[in-house]
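Trainee: I have this structure open for the first time and would like a tour. Could you walk me through it?

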Amino acid sequence: MLRRFRNLARIGPVEVGTANDCRGRTRHTAACTAPRCGFSAEYDTRSAAELAARTHRCPAH
């Protein structure tokens, strides 16, 4: 499924974005853009996704 992210923000190597899932719920995703990292997670709140982005310690960086 193709998601259209909005309200994108970059915190270090992690990008945080907001999108709707297949059930129409608003979900917030944090994903590391560093090569070979692979970190990504979905959260119910924007603040939780931003906290994950701030505390992420990238092993590939």
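Trainee: Where does α1 lie, and at what angle to β2 does it run?

Mentor: In this predicted model, helix α1 lies across β1, β2, β3 and β4, and it runs at about 160° to β2.

Trainee: What is the order of the four strands in the sheet?

Mentor: The four strands make an open sheet in the order β1-β2-β3-β4, with antiparallel pairing. Because β1 and β4 stand at the edges with a single partner strand each, one side of each is left without a neighbour in the sheet. From one strand to the next, the twist averages 20°.

Trainee: What about confidence, which element has the lowest mean pLDDT and which the highest?

Mentor: Among the elements of the protein chain, strand β1, residues 6-11, has the lowest mean pLDDT at 94, while helix α1, residues 46-55, has the highest at 96. The protein chain averages a pLDDT of 92, and 93% of the residues score at least 70.

Trainee: Why is β3 largely enclosed?

Mentor: Five of the seven residues of strand β3, residues 26-32, are buried, so the strand is largely enclosed by the rest of the structure.

Trainee: New topic, how many salt bridges does the count come to?

Mentor: The count comes to six salt bridges. In one of them Arg-27 pairs with Asp-44, with the closest N and O atoms 2.2 Å apart. This pair links distant parts of the chain, since Arg-27 is in strand β3 and Asp-44 is in the loop between β4 and α1, 17 residues apart. Arg-27, Glu-42 and Asp-44 are linked in a network of salt bridges.

Trainee: Is Arg-27 buried or exposed, and is Asp-44 buried or exposed?

Mentor: Arg-27 is buried, with a relative accessible area of 16%, whereas Asp-44 is exposed at 58%.

Trainee: Which side chain meets Glu-50 in a salt bridge of 3.0 Å?

Mentor: That is Arg-46, with the 3.0 Å taken from N to O. Glu-50 also forms a salt bridge with Arg-54, where the closest N and O atoms are 3.8 Å apart. Glu-50 and Arg-46 both lie in helix α1, four residues apart, about one turn of the helix, and Glu-50 and Arg-54 are likewise four residues apart in α1. Arg-46 counts as buried at 17% relative accessibility, while Glu-50 is partly exposed at 21% and Arg-54 is partly exposed at 48%.

Trainee: Last one, what is His-56 in contact with?

Mentor: His-56 lies in the segment after α1 and, leaving aside its neighbours within four places in sequence, is in contact with Val-14, Cys-32, Cys-37 and Phe-39. At 15% relative accessibility, His-56 counts as buried.

Methods:
Residues are numbered from 1 along each chain as its sequence is written. This is a predicted model: local features need pLDDT of at least 70, side-chain atom pairs count only at pLDDT 80 or more; totals for chains, interfaces and linings use all residues. Side-chain values use heavy atoms; hydrogens and water are left out. pLDDT is the predictor's confidence in each residue, from 0 to 100. Helices (H or I, at least four residues) and strands (E, at least two) are DSSP runs, numbered from the N terminus. Buried means under 20% relative accessible area, exposed over 50%, partly exposed in between (1.4 Å probe, protein chains only). Contact means heavy atoms within 4.5 Å. Two strands pair if DSSP finds at least two bridges between them. Axes are lines fitted to C-alpha atoms, for helices over the stretch in contact, and angles run from 0 to 180 degrees between N-to-C directions. A salt bridge is a side-chain nitrogen of Lys or Arg within 4 Å of a carboxyl oxygen of Asp or Glu.
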